Amino acid sequence: MKPLKRPARRALLVVHVAVSVSWLGLTLGLLTLGITAYTTGDPSLTEASYRAMKVFADWLLAPVVVITLVSGLVLSLGTPWGLARYHWVWIKFWITLVTGAATVFALRPGIGQAADSGGVPDISLVAAPSVATAAYLFMTVISVLKPWGLTRRGRRVRAASAGKRAGREVAKKRLSPAA
């Protein structure tokens with residue numbers, strides 16, 4: 001992919017960070033509602049909590065997942081970070097893909113079933129947002145710290161580009177007149 005120009009890269013980075021943080025906040029909200037629904041003794045409050053979760057799940061989860069994944073892919077492919085050059089980018093990609101699929105194909109339907117159950121507590125609607133929140137916090141940490149360095153592919157790309165630079169410098173020296 002062609003490298004992104006600075007204004008496009010910065011705008012896309014703002015979108016990616018904003019939507020990713022929104023996904024984390026949305027998941028924390030779902031976790032709060034799931035805990036409320038599971039721990040209350042009032043079936044009407046349980047049902048209300050699950051219905052509120054359904055509103056968020058039906059309107060926000062899928063778009064937030066897709067925008068996060070697409071903006072992250074475009075950023076990785078349009079910047080020197082690359083998709084598979086650095087461990088932290090590669091790990092974030094796979095965690096986003098797995099949690100996004102689990103959110104859309106497992107959590108959303110589970111919330112829908114719980115909302116239709118008439119106020120029956122469901123521990124899975126505490127567990128799933130707990131795991132998702134931990135995953136998103138982990139991705140936030142590695143985005144800031146950028147640990148683990150280059151992947152094997154990243155080392156090969158770096159070595160190849162270093163070899164090309166060295167070859168250009170040797171060619172320049174050959175072409176320049178002797179001093």
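A salt bridge is a side-chain nitrogen of Lys or Arg within 4 Å of a carboxyl oxygen of Asp or Glu. The model is predicted: local features need pLDDT of at least 70, side-chain atom pairs count only at pLDDT 80 or more, and totals for chains, interfaces and linings use all residues. Residues are numbered from 1 along each chain as its sequence is written, and side-chain values use heavy atoms, with hydrogens and water left out.

**View 1. Confidence along the chain.** The mean pLDDT (the predictor's confidence in each residue, from 0 to 100) is 92 for the chain, and 94% of the residues reach 70 or more. Among the elements of the chain, helix α1 (residues 6-39) has the highest mean pLDDT, 97, and helix α5 (residues 152-175) the lowest, 77. Helices (H or I, at least four residues) and strands (E, at least two) are DSSP runs, numbered from the N terminus. Where pLDDT is low, the predicted coordinates should not be read in detail.

**View 2. Salt bridge between K54 and D58 in helix α2.** The side chains of K54 and D58 meet in a salt bridge with an N to O distance of 2.6 Å. K54 and D58 are four residues apart in helix α2, so about one helical turn separates them. K54 has a relative accessibility of 25% and counts as partly exposed; D58, at 37% relative accessible area, is partly exposed. Here buried means under 20% relative accessible area, exposed over 50%, and partly exposed in between (1.4 Å probe, protein chains only).

View 3. D58 forms a salt bridge with R108, where the closest N and O atoms are 3.7 Å apart. Because D58 lies in helix α2 and R108 in helix α3 (residues 87-116), the pair ties together parts that are 50 residues apart in sequence. R108 counts as partly exposed at 26% relative accessibility. Through salt bridges that share partners, K54, D58 and R108 are joined into one network.

**View 4. Salt bridge between E47 and R51.** A search of the whole structure finds three salt bridges, and one of them is formed by E47 and R51, with the closest N and O atoms 3.1 Å apart. E47 and R51 are four residues apart in helix α2 and are therefore separated by about one helical turn. E47 is partly exposed, with a relative accessible area of 25%. R51 is partly exposed as well, with a relative accessible area of 42%.

View 5. V55, F56, W59 and L60 make a nonpolar surface patch of about 440 Å². Patches are made of residues with over 30% relative accessible area and no salt bridge; like charges are joined within 9 Å, nonpolar side chains (Val, Leu, Ile, Met, Phe, Trp, Tyr) within 5 Å. Accessible areas come from the Shrake-Rupley method with a 1.4 Å probe; for residues, only the protein chains shown count as cover. L60 is placed in helix α2 (residues 43-77) and is partly exposed, with a relative accessible area of 38%.

**View 6. Aromatic pair of W81 and W88.** The structure holds seven aromatic pairs. W81 and W88 form one that is edge-to-face, at 5.2 Å centre to centre and 75 degrees between the planes. Rings of Phe, Tyr and Trp (its six-membered ring) pair if their centres lie within 6.5 Å; planes under 30 degrees apart count as stacked, over 60 as edge-to-face and the rest as tilted. W88 is buried, with a relative accessible area of 8%, whereas W81 counts as partly exposed at 35% relative accessibility. W81, Y86 and W88 form one aromatic cluster.

**View 7. Aromatic pair of F138 and W148.** The ring centres of F138 and W148 are 6.3 Å apart and the planes stand at 40 degrees, so the pair is tilted. The pair links distant parts of the chain, with F138 in helix α4 (residues 124-145) and W148 in the loop between α4 and α5, ten residues apart. F138 is partly exposed, with a relative accessible area of 35%, and W148 counts as partly exposed at 48% relative accessibility.

**View 8. K146 over the ring of W88.** The charged end of K146 sits over the ring of W88, 4.8 Å from its centre. A charge sits over a ring if NZ of Lys or CZ of Arg is within 6 Å of the ring centre and within 35 degrees of the ring normal. K146 lies in the loop between α4 and α5 and counts as partly exposed at 35% relative accessibility. Phi of K146 is near 50 degrees, a positive value in a residue other than glycine. W148 also has a positive phi, near 75 degrees.
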